[in-house]
Amino acid sequence: MKICMLAPEFLPNWGGVGTYIVELIKHLPEDFEIIVITPDRGEANADYLHNNLKVIRTSKAGDTFIYNLKFQFSCLRKVPELAKKEGVDVIHSHTAHMPDLLLSFKKLNIPVVTTVHSTIKLQRRGTKMATSFWNAEFSERMTYLLYPFLRSAEEFYFSRERKYITVSKWMKNYLEQEYNQDNMEVIYNSVDTDFFYKRKDFKFIDPDKYKDREVILYCGRLIGLK
């Protein structure tokens with residue numbers, strides 16, 4: 001099996017989608033061949049992830065929004081060339097990034113599986129509830145400004161024939177209601193129990209110092225949506 005992974009986030013790792021992709025590759029069968037196409041965020045060794053891994057870095061990525069459009073054009077150029085040269089059994093994409101959006105206009109005859117982590121419609125709705133335009137992060141402001149175009153692109157994306165993976169039943173129900181999708185499978189995000197496990201001798205904070213206060217642990221980008 002040869003997989004072409006379109007990775008809008010990869011190494012050096014940032015974001016939940018990047019974590020998902022890295023952990024997925026680490027746990028795919030050893031006889032799989034994996035080709036990762038990803039934006040160039042700087043040198044990072046990926047050899048430890050899988051024995052049959054090839055990484056192709058494309059356009060430079062120095063922001064949290066515009067880089068994605070450049071990456072979509074890179075995938076449009078690279079994937080057909082790669083499919084012809086090396087042969088690919090399946091393309092694995094991720095959204096809300098939609099890296100294979102422009103590939104929808106190419107007849108590659110290769111099955112596409114897309115993991116839906118979020119949607120642009122959901123992101124904008126959450127941002128509007130949480131913060132103002134001027135207090136929003138750069139990518140959130142750009143989503144505000146370009147939303148009519150982005151929403152049309154997303155509706156077109158979900159109208160194409162492909163197999164979808166959702167990471168929760170809630171997302172599956174949402175796609176059924178908002179985009180009339182039914183070709184979906186729920187596969188929950190995994191947990192590496194060799195790394196995350198309960199330790200009796202570990203104290204994250206001094207309990208006496210915070211005994212009269214509420215403590216919130218947050219992991220993620222500090223944006224209005226979250």
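This is a predicted model: local features need pLDDT of at least 70, side-chain atom pairs count only at pLDDT 80 or more; totals for chains, interfaces and linings use all residues.
In soluble globular proteins, nonpolar side chains tend to be buried together. The largest nonpolar core of this model has 21 residues, and those that touch the most other members are Phe 10, Ile 21, Ile 25, Ile 34, Val 36, Leu 49 and Leu 53. At least two residues of this core come from each of strand S1 (2-6), helix H1 (15-26) and strand S2 (33-40), and H1 gives the largest share, with 5 residues. Leaving aside residues up to four places away in sequence, Leu 53 touches Ile 25, Ile 34, Val 36 and Ala 46. There is also a second, separate core of 14 residues, and among its members are Leu 6, Ala 83, Leu 103 and Ile 110.

**Helix H6**

Helix H6 spans residues 169-179, and within this helix Met 171, Tyr 174, Leu 175 and Tyr 179 are buried. Seen down the axis of H6, these buried residues fall within an arc of 100 degrees, so they line one face of the helix. Lys 169, Trp 170 and Gln 177, by contrast, are exposed on the other side of H6. The elements that cover the buried residues of H6 include strand S5 (112-116), helix H3 (120-130), helix H5 (147-159), strand S6 (163-166) and strand S7 (184-186). After H6 comes Asn 180, which has a positive phi, near 55 degrees.

**Aromatic rings**

A pair of aromatic rings is described by the distance of the centres and the angle of the planes. The model has 9 aromatic pairs when ring centres within 6.5 Å are counted, and two of these pairs are set out below.

| Pair | Centre to centre | Angle between planes | Arrangement |
|---|---|---|---|
| Phe 133 and Trp 134 | 4.9 Å | 85 degrees | edge-to-face |
| Phe 158 and Tyr 164 | 5.5 Å | 35 degrees | tilted |

Arg 162 lies over the face of Tyr 157, at 4.0 Å from the ring centre, and the charged end of Arg 41 sits over the ring of Tyr 67, 4.5 Å from its centre.

How values were computed: Residues are numbered from 1 along each chain as its sequence is written. Side-chain values use heavy atoms; hydrogens and water are left out. Rings of Phe, Tyr and Trp (its six-membered ring) pair if their centres lie within 6.5 Å; planes under 30 degrees apart count as stacked, over 60 as edge-to-face and the rest as tilted. A charge sits over a ring if NZ of Lys or CZ of Arg is within 6 Å of the ring centre and within 35 degrees of the ring normal. Buried means under 20% relative accessible area, exposed over 50%, partly exposed in between (1.4 Å probe, protein chains only). Helices (H or I, at least four residues) and strands (E, at least two) are DSSP runs, numbered from the N terminus. The arc is that of the directions from the helix axis to the C-beta atoms. Contact means heavy atoms within 4.5 Å. A nonpolar core is a set of buried Ala, Val, Leu, Ile, Met, Phe, Trp, Tyr and Cys residues joined through side-chain atoms within 4.5 Å.
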